[in-house]
Amino acid sequence: MNPEKALMTQEPDARASDVSDAPDATASDVPATAATGVHARIDVSGVVSGQRPEAGTVFECAEVDVYYGDFRALRDVSLDVAEHGVTALIGPSGCGKSTFLRCFNRMNDLIEGARVEGTVNYYGVDLYQDEVDPVEVRRRVGMVFQKPNPFPKSIYDNIAYGPRLAGVKRSALDDVVEGSLTRAALWDEVKDRLKMSAYGLSGGQQQRLCIARAIAVQPDVVLMDEPCSALDPIATGRIEELIAELKTEYTIIIVTHNMQQAARISDMTAFFSVQANEMGHRTGELVEYAPTSLIFTNPDDPRTEAYITGRVG
Amino acid sequence: MSVLTTPADIATSHALRRRPGADVAGAVFKWLLIGATVFATGFLAVLLAVMIVDGWDVLSGNLWHFLTHGFSQRSAAEAGVWQGIIGSLQVALVTGVFAVPIGVATAIYLVEYAQDSRFARIVELNIRNLAGVPSIVYGLLGLAVFVQTIHGFTQGKTVIAGGMTLAAMVLPIIVITSVEALKAVPSSLREAAYGVGATKWEVLSRQVLPAALSTILTGTVLALARALGEAAPLILVGAATGFLSFGDANMLETFTGPYTALPVQIFNFARLPGADWGVNAAAASVVILVLVLAVNGLAIYLRNRFEKQW
């Protein structure tokens, strides 16, 4: 099987089954893993552990703590993330929602002194096992950041960067670039200036470019860390439309400060809050996790209600 | 007399009028700054003017001969700086070959791998201190290590020994500027690359280094320009101050033969008795200034060339 074809056509489910058919299939499905082509950098079949998750569950987080050095930034978060849905993480500043988001693709590894305890299972595979390669994780769990951060390259090269690393052939790149830009609703605006600098785009266009770049490597999950906070309402609206379209293909987890945005676009909402201990250290925790419609109409916890009605935060 | 009570009353009185002497400190400070700038540039201009005037006899009438002929013991009029120019460029080349890869690699390790570890901080602090060590100390180091200890490699007091000595001298400068350049690469760029599944090597080689390249290049060339102007350490590691002949030596052999450098020649001209040797010293100073200026110009050109247009 041609690796490029694998990258372009494979359904997330097919790949997921490679890593979650545990434990009876661990040794025998090495060929199947190899057939995933560009994703075969590590032998994922060897790291399978735990139970196959409930159908349609991408992430299972259990008792996740995140420390920065000695300081605990996030305490005891447990939640499951469903496939092909939009999960919103909301809460006041400093509540650890961005920190939590970065647990899903091991982005916290990049922060000196950051440590994650507890389990973050991705299709039943604990992402924090020693055998898991964070590079492989990030290839499947892409990320869009708060400030648009295109590479100082052309529009084309921005999109092609990830696929090139993944080994997509030069001849297939044009299609990948066009497909990604089209899905990010940017193709019509940039198709005549693909070779021009990405920095020449407006802020909203740059953020859609970053989304296109994230989906160009065919991830299963796209993490978004306040993707609209630097954008005006019109650009924000376009990104929100885009998210609604993307969720048919991808699982999306989004951090947002904008509660209307969470209410508009998400299926599930997790509300985080922050508590200061007697030392003055502020540790975030998950207060409530429920379907968005419930959170915004009939929250269980009085703290959630206070926050979403604007009485605090 | 009426009392001003409303904002309109106050505004239409003299409240908004510019008062003389309101910002004396600011004005004094500005003129102090201008004075310092004038002094600094004026000092350089005078230096340059004095050298050009002193060396005018050679620069106006005899320049080509001066540039293309070697040293002569017989008379100042016959002596030239050709060997010094070649020697200086050769030494600078060797300096670059040794100092640039080691310096840049050290900087990459300190910033990207050792990160904020105690070890990295101690190393960086020491390197910053090394940048302040007098050049003559590096000359002593060069004599002990490069000329004597590794005599087999350098063949004694040669261009290679001289270049390695100056490499040791400019290494801290290259490390420091490269460290600053790498630290200046925004973390969002790294995160973006990691976010699409790049390995550390891919992030470094394709994003971080290209982004830092123009600054690293500029720092490197400026460090080499400084090496070009050094005389003291070179005298210790064998740059000849008298007559020397390349004979029939080819280019490669001159690297392991006796050599001289422009600053050393200036030193030599200046200590010989007679006014005409002094003219040569001044003229050679102008030559080295032009050379350093050319190297700095190259640095600016490279920076503009490699700087990201976006």
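Q: Which residue in β7(A) does Met143(A) stand opposite?
A: This is a predicted model. A residue in one strand can be read against a residue in the strand paired with it. Here Met143(A) faces Leu223(A), which belongs to β7(A).

Q: How many bridges join β6(A) to β7 of chain A, and do the two run parallel or antiparallel?
A: Strands count as paired if there are at least two bridges between them. β6(A) and β7, residues 221-225 of chain A, are joined by 4 bridges and run parallel.

Q: In what order do the strands of the sheet in chain A stand?
A: Read across the sheet from one side to the other. The order is β5-β4-β1-β2-β10-β9-β3-β8-β7-β6, an open sheet of 10 strands with mixed pairing. β5 (125-126) and β6 (141-144) of chain A each have a single partner strand, so one side of each has no neighbour in the sheet.

Q: How many helices and strands are there in chain B?
A: Chain B has 15 helices and 0 strands. Its radius of gyration is 27 Å, well over the 19 Å given by the globule rule for 310 residues, so chain B is more spread out than a compact globule. The C-alpha trace spans about 100 × 60 × 35 Å along its principal axes. Of the 310 residues in chain B, 36% are buried.

Note on methods:
Residues numbered from 1 in each chain as written. Chains lettered and ligands numbered in written order. Predicted model: local features only at pLDDT ≥ 70, side-chain atom pairs only at ≥ 80, totals over all residues. Rg over C-alpha atoms; globule rule 2.2 N^0.38 Å. Buried ≥ 20, exposed ≤ 12 C-beta atoms within 10 Å, placed from the backbone.
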